[in-house]
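Trainee: I would like to learn how to read cavities and helix packing in a model. Could you walk me through one?

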Amino acid sequence: MAKRVAIIDIGSNSVRMVVYEKTSRYAFHLLHEEKSKVRISQNAYKHNGELQETPMQRTFDALSDFLSIANSFKVRKILCVATSALRDAPNKQEFLQRVKHKLKLNIKVISGEKEAYFGAIACANLLPKQTSALSIDIGGGSTEFAFINEDSVTDTLSLKLGTVRLKELFFDKDDIDGAVAYIDSELDKLPDTSKLTTLIGIGGTFRAISNAILKESLYPLNKLHAFEYNSNTFKDYLKRLLQTKSDEELLALFIKSNRFDVIKPGALILQRLMKKIAISKIITSGVGVREGVYLSDLLRNSRHKFPQNYNTSVRYILDSYVQDKTFSNHLALLSKKIFTLTSEYFNLDTEYKRILTIAAKLYPAGSNVHFYSQNKHSYYIIQSALEYGFSHHNIMLISTLTKYAKNKLPSDTHLQLYAKLLPDNAHITHSLSYILSLSIALLSHRPRNIDFEMEFEKGILKISSKEKLYLSQHAVAKLECRDQHFNVIFSS
């Protein structure tokens, strides 16, 4: 697969392009993103789905500029897909041929089921693993659904529900009752939803609503991908949104002005869906069709799944920021060993071993930005770039451990600020932080191979080595441990 790939998604409401760059076989990151609200389907639903000339020209012009941007990034492959608006348009060939002839761009019009599949495999691969989940992707002309269980995607379905479609057919005529009846009749086509517990939201409408809820709740982490909240919060917000009477009231609910005309149709779809199924958890996806198209190409030889226990974001950070891979691996191995020896003593659940190991592996990332502020930069890199496959709780804990590693235990101020995302018991965060700092201290002499053995009994960690470990002893002595009975002793 080419190192840099552009994905263009022509939707009913917007046309978007992302440029991804590979850093190793399965690791990648977003290099550039561009969006234009061309509304290619504008007035189409009033004319039996026929695309109108002005929206087509807007889309053509945007695509022309997108290709210029892709060329500036030296993109070697461009994958362009079109969804509902073109799929439904009787005159789509006119537009497709114009783009192919004048821009040399091949557009693949995908089926609704394929669109649902692309969105779902993006969620299955790039969100924390979900069970008994339903993905929903509300577009301008259609809404796609899929069932997701771990990394399995089934029951893909596309319904003729969309924000622009509903706006033109019902909302512009103030026929809300007609919209409700139409939505309900379409939702009746969903297969059995009785076992579903989680709703995964894809697309601009869902992200706009989740972003508003994030802001209203004064959420401590500015990250929308994998943002979770409960269904009662969701239902309450949808009700308030649909009751608004003015643009000012929408602004007060943190809805941006570019969403004013289509947010209510999307919210009504979601409200009717929530009346139909008993969902308890909502999770927001920052990924969708574009990422699914990319992953289907990247993972085409592995059934569209990453290798077992592989995380693309961890690999990307290691590829891009960690220069001394040997130290990173030693630190991860040592932290894991100390956790295994002391977890029962510190009363730590085994689930934290993976979190600690990742924090240790990524701890050196910040030194590639600035050595003297390594911890601060590691913290920011992890908060922002540890994007895929982790819950916000895990991201916050991993980044916190790296922020305070080697120097001191996490401050009370930090623990209070991020109380929603860190373990309820501060002892857990303090203990994990100490283990990571202890591991760093024990490797102060940067050995080519770990040159000491460890034993633990009754609160005493015994370090045995043929070497004096002079620097390690002094570094360990400076560490703060909240457990006054825990001790480290060295012997040669």
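Predicted model: local features only at pLDDT ≥ 70, side-chain atom pairs only at ≥ 80, totals over all residues.

Trainee: How many cavities of 30 Å³ or more does a search of the whole structure find?

Mentor: The search finds 2 of them. The largest cavity has a volume of about 370 Å³. It is lined by 29 residues, and those closest to its centre are D9, R16, D137, I138 and G139.

Trainee: Which elements each supply at least two residues of the lining of the largest cavity?

Mentor: Look at the strand β6 (133-138) and the helices α7 (204-216) and α11 (289-298); each supplies at least two lining residues.

Trainee: Now for helix packing. At what angle do the axes of α8 and α10 cross?

Mentor: For a helix pair, read the angle, then the handedness, then the residues in contact. Helix α8 (residues 231-242) and helix α10 (residues 260-276) have axes that come within 10 Å and cross at roughly 140°. Because of that angle, α8 counts as oblique to α10. The crossing of α8 with α10 is left-handed. On the α8 side, the contact uses S231, F234, K235, L238, K239, L241 and L242, and these meet I263, K264, A267, L268, L270, Q271 and M274 of α10. That contact has 9 nonpolar, 2 polar and 3 charged residues.

Trainee: How far apart are the axes of α13 and α14, and at what angle do these helices pack?

Mentor: The axes of helix α13 (residues 325-346) and helix α14 (residues 351-362) are 8 Å apart, and the packing angle is about 155°. Angles over 145 degrees count as roughly antiparallel, so α13 and α14 are roughly antiparallel to each other. Their crossing is right-handed. In α13, the residues S328, N329, L331, A332, S335, K336, F339 and T340 meet Y352, K353, L356, T357, A360 and K361 in α14. By class, this contact has 6 nonpolar, 5 polar and 3 charged residues.

Trainee: And how do α13 and α18 pack: what are the angle and the distance between their axes?

Mentor: With helix α18 (residues 426-442), α13 makes an angle of about 135°, and the two axes are 9 Å apart. That makes α13 oblique to α18. The crossing of α13 and α18 is right-handed. From α13, the contact draws on L331, L334, S335, I338, F339, T342 and F346. Its partners in α18 are H427, S431, L432, Y434, I435, L436, L438, S439, I440 and L442.

Trainee: How do the residues of the contact of α13 with α18 divide by class?

Mentor: There are 12 nonpolar and 5 polar residues in that contact, and no charged ones.

Conventions. Residues numbered from 1 in each chain as written. Heavy atoms only, no water. 1 Å grid on protein atoms, 1.4 Å probe; cavity = no way out; pocket = protein on both sides within 12 Å on 5 of 7 lines; lining within 4 Å. Points joined across faces, edges and corners; volume = space filled by probe spheres on them. Helix = DSSP H or I, 4+ residues; strand = E, 2+ residues; numbered from the N terminus. Axes fitted to C-alpha atoms, helices over the stretch in contact; angles between N-to-C directions. Parallel < 35°, antiparallel > 145°, perpendicular 65-115°, else oblique. Left-handed = near helix turned anticlockwise from the far one by under 90°. Contact = heavy atoms within 4.5 Å. Nonpolar A, V, L, I, M, F, W, Y, C, P; charged D, E, K, R; others polar.
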